Amino acid sequence: MFDENSRKPAISKNLSLLQVLTAAVLFGISTPVSKYLLGEIAPISLSALLYLGSGIGLLLWHSLENSEGQDKKEAKLNKRDLPWLIGAIIAGGIAAPIILMFSLKAAPAATASLLLNFEGVATTVIAAIIFKEHVSRRVWGAVTLITVASILLSWNPSGQWGFSVSALGVLAACGLWGVDNNFTRNISAKNPLTIVMFKGLSAGIFSLVLARSVGQLLPPLLPAICAMLLGCASYGLSILLFIHAMRELGSARTSALFGIAPFLGAIISVFAFQETLGFQFIISLPIMLLGAGLLLKEDHVHWHRHEPLVHEHRHGHADQHHSHSHPDVNIKANEYHSHVHRHEPMEHSHGHTPNIHHRHCH
């Protein structure tokens, strides 16, 4: 007999894949456009405007959700989440973008875009080694292929590229975003809109104060508005979708798929700045696509045990992990809501990714 619930993991995974690919497209445009805006805006000021645009845009969205009662479907942040949130803000919201903006001043936009692939590598290594997220050989293979593709694209046979300070700055920013991604993973069950909103407003205000303190003037109105709109899309909506995807796919898989973003940035840079990628692009493209394909086709199934767990997150009652009842409230199976709930011990086998219910050892 066909079990409707057996389709739930696949549907959820496909939705997460769509979310992370959309996030990659939105983030992919940020590097070449930021490179262009650096002609009008100083690096720290640009970083501030990008994150302020993100925070203000999502604040408006959050206000709309509050007025419609949609926020009640998501779990709220609590005191135990603050260390992870603060760490993510410092690493990924303040330090990484400022370093990237300074690096973009000297590095070609296409090269910088491609080097951003190392964010996925940093995220995967940190997730596997420090946070013990299960990373299969298939995922490691995908990360390796994506990394090889980025190295090929970054290689300049004329010897002019080298390991410049600006290139190392981009890699440092990627490492900090890898820290940010793993810190954010630990609170991804909470309302992503709130997480990204706080990150944007906090990082934007701090960077704006820092820019003023070092004598960087605010740009003209039109470039400032363009920077904030870019931030709303590439640092706001993109990160929001990234966190939603990370709930289901985990840090390593989400970041590896996010690795297509630098390709998009590089392609845009070719047309916007008349930069050339040479024959490496033709060689690297199928390697990158193969790496992404390994993740898209991943099917991780095995017998596993769920230990007792009490937590809070957005959920419905249509899947086998949330079959608890609400004696005092009438909630439909497909109606999403949030409250503290308990998972009883369970053993079974089905396809899964390292989401918040499947972070078991292998």
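Mentor: We begin with a definition: a crossing is left-handed if the near helix is turned anticlockwise from the far one by less than a right angle, and right-handed if clockwise. Helices are DSSP runs (H or I, at least four residues), numbered from the N terminus. This is a predicted model, in which local features need pLDDT of at least 70, side-chain atom pairs count only at pLDDT 80 or more, and totals for chains, interfaces and linings use all residues. Residues are numbered from 1 along each chain as its sequence is written, and side-chain values use heavy atoms, with hydrogens and water left out.

Trainee: In which crossing, left-handed or right-handed, does helix 6 pass helix 8?

Mentor: Helix 6 covers residues 118-129, and its axis lies 8 Å from that of helix 8 at an angle of about 45°. Axes are lines fitted to C-alpha atoms, for helices over the stretch in contact, and angles run from 0 to 180 degrees between N-to-C directions. The crossing of helix 6 past helix 8 is right-handed.

Trainee: How are helix 6 and helix 8 oriented to each other?

Mentor: Angles under 35 degrees count as roughly parallel, over 145 as roughly antiparallel, 65 to 115 as roughly perpendicular and the rest as oblique. The angle here is about 45°. Helix 6 and helix 8 are therefore oblique.

Trainee: What is the orientation of helix 4 to helix 8?

Mentor: Helix 4 and helix 8 pack with their axes 8 Å apart, at an angle of about 160°. That makes the orientation of helix 4 to helix 8 roughly antiparallel.

Trainee: Is Ser47 buried or exposed?

Mentor: Ser47 belongs to helix 3. Leaving aside neighbours within four places in sequence, Ser47 is in contact (heavy atoms within 4.5 Å) with Pro97, Ile98, Met101 and Ser207. Buried means under 20% relative accessible area, exposed over 50%, partly exposed in between (1.4 Å probe, protein chains only). Because its relative accessible area is 0%, Ser47 is buried.

Methods
Helices (H or I, at least four residues) and strands (E, at least two) are DSSP runs, numbered from the N terminus.
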